[in-house]
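Please examine the sequence and the model shown below.

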Amino acid sequence: MPLHASRQILTDFDLHLFNEGTHVRAWEKFGSHRMEVDNVAGVHFAVWAPNADRVSVIGDFNRWDGRVHVMRPLASSGVWELFIPNLPEGACYKYEV
């Protein structure tokens, strides 16, 4: 597995601030954001779904198949995240919870 696929993007401090309700720039961390990880361009996705058993990013790029891009839960924070490399700009997506 490439390093960028397994690296946690949100920091423990981000999660701490979010969970105590004091993260004043949460919009910069949640949703979807284009970025580079290990010199690979892609999109980082993060969503809060505290009671979910599984969360996936689905879209045209994976034929709306929730088995392809399954997000990982970050400890017991209720936050799920995933970095998808080489995702084209403007790709339509939604979360499957």
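Which residues does Glu 81 touch, not counting residues up to four places away in sequence? With contact meaning heavy atoms within 4.5 Å, Glu 81 touches Arg 7, Gln 8, Ile 9, Leu 10, His 44, Phe 45, Ala 46, Met 71, Arg 72 and Leu 74. This is a predicted model, in which local features need pLDDT of at least 70 and side-chain atom pairs count only at pLDDT 80 or more, while totals for chains, interfaces and linings use all residues. Residues are numbered from 1 along each chain as its sequence is written, and side-chain values use heavy atoms, with hydrogens and water left out.

Glu 81 belongs to strand E5, residues 79-85 (strands are DSSP runs of at least two residues, helices of at least four, numbered from the N terminus). Glu 81 counts as buried because its relative accessibility is 0% (buried means under 20% relative accessible area, exposed over 50%, partly exposed in between, with a 1.4 Å probe and protein chains only).

Phe 18, Phe 30 and Trp 48 form one aromatic cluster (rings of Phe, Tyr and Trp, the latter by its six-membered ring, pair if their centres lie within 6.5 Å; planes under 30 degrees apart count as stacked, over 60 as edge-to-face and the rest as tilted). Phe 18 and Trp 48 pair edge-to-face, 5.9 Å centre to centre with 70° between the planes.
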